[in-house]
Amino acid sequence: MSHLSLPVATLGTPRIGPRRELKLSLESYWAGKISEQQLLEDASGLRAANWARQKSLGVTVIPSNDFSLYDQVLDTSVMVGAIPEIYASKGESVFLKTYFAMARGSQCDDQDAGCRLGPRGSGAPAQEMTKWFDTNYHYMVPEFYRGQEFRFCSRKPIEEYVEAKALGFQTRPVLIGPVTFLKLGKSADSAFQPLSLLDDLIPVYIEVLHELAERGASWVQFDEPCLVLDLDEAVRKSLLHAYNRFAKEGPAIRIMVASYFGDLGDNLDTALSLPVSGLHFDLVRAPELLDQIVAVGRSDLVMSLGVIDGRNVWRSNLSSLRQRLEPAIAKLGKHRVQLAPSCSLLHVPVDVELETGLASDVKSWLSFSVQKMRELAILARVLAGDQNVGLALADSECAVAARRTSPKIHDTNVAARMRAIDQTMRRRASPFDRRSEIQRKRFGLPAFPTTTIGSFPQTTEVRNARAAHARGALSDEQYDRFIKEEITRAVRWQEDIGLDVLVHGEFERNDMVQYFGEQLAGFLFTRKGWVQSYGSRCVRPPILFGDVVRSKPITVDWWRYAQSLTSKPMKAMLTGPVTILNWSFVRDDIPRSEVCRQLALAIRDEVRDLENAGAAMIQIDEAALREGLPLRRSEWKAYLDWAGECFRICSSGVTDQTQIHTHMCYSEFNDIIGAIAAMDADVISIETSRSKMELLDAFRKYEYPNQIGPGVYDIHSPRVPEADEMKELLVLARTRLQESQLWVNPDCGLKTRKWEEVRPALTNMVAAARELRAASYPQNH
C-alpha cells in the first residue's frame, strides 16, 4: 500500500471462517469426533488466516483477542474469574469443559472434571443468553453477587497477542471495557448493583494491561458500547473512575475506547474526558458526531472514525465519504485520524467474492467484511492525497448510482397497497376477552395445554434431502414425498406422547426467515454469507433490496397435509414482519418502518389464506421484536408503534374464532410490556427457563390479560431436564400468572437439537403438565 495512506483499523472481524470452519470444528469437538488439541489448532489456524487477510487488504491497525470459541463476553467472564459456583472447578485453572458448560450447559456425572453437578445430579444449565445491544448476536450474561472476588483466570488476551506477534503481526488487543462488562451482567439479588464491584474488578484489568505491555503491546482497545445508552451520573462517574485508575496504576500503554451502535448524546462529554489516547465513534449510526468531535475533541486524542457500515452489506459511496471527511481531517490533522468500520465486522459475512450465483449487477452493490476493509484502504489513500485510486472511486460511484435507479427496486402495485392501509386493517374485530371465550369453546383444551414453538430437529437426512433437491438430484415429487414422511412421523409421535396442540415440524424450511424470503419478491440470498448468531450457530441473513411482493401461498399446502393427519389442532407457523426485517440486511434507501409494512401486507395475505384453508391456530413469530428496539429510550415509542402496527396488520384480518399465537426470544419484557399487549396476540410464548420465570414478573405487574406459554426448558442446551424440574418452573409461573393464562412449551424451536434430546425432553414436559393438571384439578383425573 502507498506510504501516503492514513491508518486503517478494524475493531474486530468475523471469527467463523469463510466457510464456517469454526462451526464445523466446534461441533466435531462437542460430538467427540476431534480432540481438544485439534479444536485449538483449528482455532489458531483461523486466527492466523484472519490476521494475514487483514494485512493483505491494507489494514494497519489489526485487532487480536477479537476471536472467540463461543462469545467475547463469556471470554471476559472467564478472564476475570466470574464463574458461578455450579461450573467452577476446584483448582485455579479454567477447563475448556467449564467454559462450554457455561455456554451450553452440561449433562455430567460425578467423575467429570471441570463440571459440578446441578440439582439432582442432572448437570448444570447454561448461563442466561441475550442479545448484544440491538444486533442478532447473542452473548452469555455474566452473573455477579455481593462480595464477589475477581482473579486473572484466563490468559487468552495475552496468548493471542503473543501468537500474532510470533507470526509477524503487531496487533491491538481488544477487551470488553469493565463498565460495559458489569452493566451487561445480572445478579440474583435485585437490590444489588453489579457496578459496585468495579474497584474489585479493575485490578484484574490492570494485571492484563501490564502483561500486554511487557509483551510489547503499544495499544489496547477497550470496547465500551454502553456509552451509547441512557446512562445516569453514577455510570458516567464509574467510567471516569475506571480509566483514571488505568492511567494512574496501569502501564505506559495507549488505550483506544470504542463506542458503537449509536450516538453518544449526553455521554459525549464523559467520553471526551476519559484519560485515554483514542476514541472510536460510529459515524454511520450517528453521522452528526463528526462535526461535534471536530469542534470539541481534545487535541491529543486519536480519533477513530467509523465511516463504513459494519452492520449492513451495501457498498459505500467513497466519493461522498471523501467530500464529507476531507474538511474534518484537515481540522483534526492526519496524524490524529484512523479510518475504521462503524463497529466490529463480526456482524457481516466474510467475502462477497464467494458468491458465484448472484446477478452481476446486484453483486456489485454489495460489500462484505473483505470488501469493507478494501473500501477503507482505498478511502484512506484518497484522503491522504494518493492520486492513483481514481478508477476505484469511479467504480464505487457507478455501483451506488446503478442500485439507486435499478428497476429491480420499486413496484408501483406495492406503493398502491401501502397507501390503502387503514384503521380496520390495524386491529382485531373484537377484544380479547370476547375472542378467548369463543376460542375456549371451539378448542376445548385442558388446563396447562401443551405445545411446541414450531420446529423439530433438522436431521442430517433432512438437510441432505434439501441439498439434493436444490441441486436437482431429488425430484420435486421425491422431495415432497420425503417431507410428507417426516411430517407424518412427527405428527404421530406428538400424538403418542400426548401433546395437546401439534405442529408439522417445519422440515421443508431451511431457516425461519430465509424460507419466507425465498418466496417473496424483493429478497436475494447468498450461499456463503454466513454470520455468527451465537457459538456455532450461524445464519445467512437474507438481503432485502427491493419492494416486497407475495405472489402465491407459501405454507398452506404443508399445513393442510399436516392437519389431515390428526384431529388435534395443528398450528400454522409463520415468521412475522418485524422479525424478517430485523434478521435481514435491509435496504437503506427507504425507512425501515416502510419496509416492515410491505412485509406485513405479504404475511397478512398468507394468514388469510391459511384461515380460508381451515387453520384455527396461526402462530406469527416475532422472535426479534425487541432486537430492533433503539438503544435510547427516547426513540422507543416510534419504533414500538410501527412494529406493533405491522404485527396487527398481518394478524388482524381473521375472525374471532381464529387464535393468533406469537413467540418472542430473550427479551427484557419490562421494557416493552405495553407494546406486547398492544400487539393483541391471543397467546404469546416466551423464553423464560434460564431466568427461572423471572421474566414473567413484567406480565404480572402489567396485569397482562392474554394467554402466555412460558418456556419450561432451555433448547439452547443439549441437557434433558427432568419432569420435576419443569414442573417446578410451572409452579413458579403459576405464582405469577392465572392458571387460565398458562400454556406449556419449550423456550424456542427445536430445529438445532437432536431427536435423542427432544424426545425425552418433550415427554418429560407433557408429564410435568399432566402432574400439575392433576394436582390442580383432581376431580378431572
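A residue counts as buried when its relative accessible area is under 20%, as exposed when that area is over 50%, and as partly exposed in between. With that scale in mind, glutamate 233 of this predicted model is partly exposed, because its relative accessible area is 46%.

**Salt bridges**

Glutamate 233 forms a salt bridge with arginine 236, the closest N and O atoms being 3.2 Å apart, and arginine 236 is itself buried, with a relative accessible area of 12%. The two residues lie three residues apart in helix H8 (residues 233–249), which means that about one helical turn separates them. Side chains of opposite charge can pair when their charged atoms come close.

This pair belongs to a structure that holds 51 salt bridges.

| Salt bridge | N to O distance |
|---|---|
| Aspartate 75 and lysine 156 | 3.6 Å |
| Arginine 236 and glutamate 233 | 3.2 Å |
| Aspartate 697 and arginine 736 | 2.6 Å |

The side chains of aspartate 75 and lysine 156 meet in a salt bridge. Here distant parts of the chain are linked, since aspartate 75 sits in helix H3 (residues 72–79) and lysine 156 in helix H5 (residues 156–166), 81 residues apart. Aspartate 75 has a relative accessibility of 12% and therefore counts as buried, and lysine 156, at 14%, counts as buried too. Aspartate 75 and lysine 156 also take part in a network of salt bridges that links them with Arg47, Glu160 and Glu163.

A salt bridge likewise joins the side chains of aspartate 697 and arginine 736. This pair, too, links distant parts of the chain, with aspartate 697 in helix H25 (residues 697–702) and arginine 736 in helix H26 (residues 723–736), 39 residues apart. Aspartate 697 is buried at a relative accessible area of 18%, and arginine 736 is buried at 16%.

**Nonpolar cores**

The largest nonpolar core contains 118 residues, of which Trp132, Phe181, Phe222, Tyr243, Phe281, Leu305 and Leu339 touch the most other members. Helix H7 (residues 198–215) supplies the largest share of this core, namely nine residues. Apart from this core lies another, of 112 residues, which includes Phe482, Val491, Ile497 and Leu762.

For phenylalanine 222, when its neighbours within four places in sequence are left aside, the residues in contact include Leu175, Gly177, Pro178, Tyr205, Leu209 and Tyr243. Phe246, Ile255, Met256, Val257 and Ala258 are likewise in contact with phenylalanine 222.

Terms used. Residues numbered from 1 in each chain as written. Predicted model: local features only at pLDDT ≥ 70, side-chain atom pairs only at ≥ 80, totals over all residues. Heavy atoms only, no water. Salt bridge = Lys/Arg side-chain N within 4 Å of Asp/Glu carboxyl O. Helix = DSSP H or I, 4+ residues; strand = E, 2+ residues; numbered from the N terminus. Buried < 20%, exposed > 50% of the residue type's maximum accessible area, 1.4 Å probe, protein only. Core = buried A, V, L, I, M, F, W, Y, C linked by side-chain atoms within 4.5 Å. Contact = heavy atoms within 4.5 Å.
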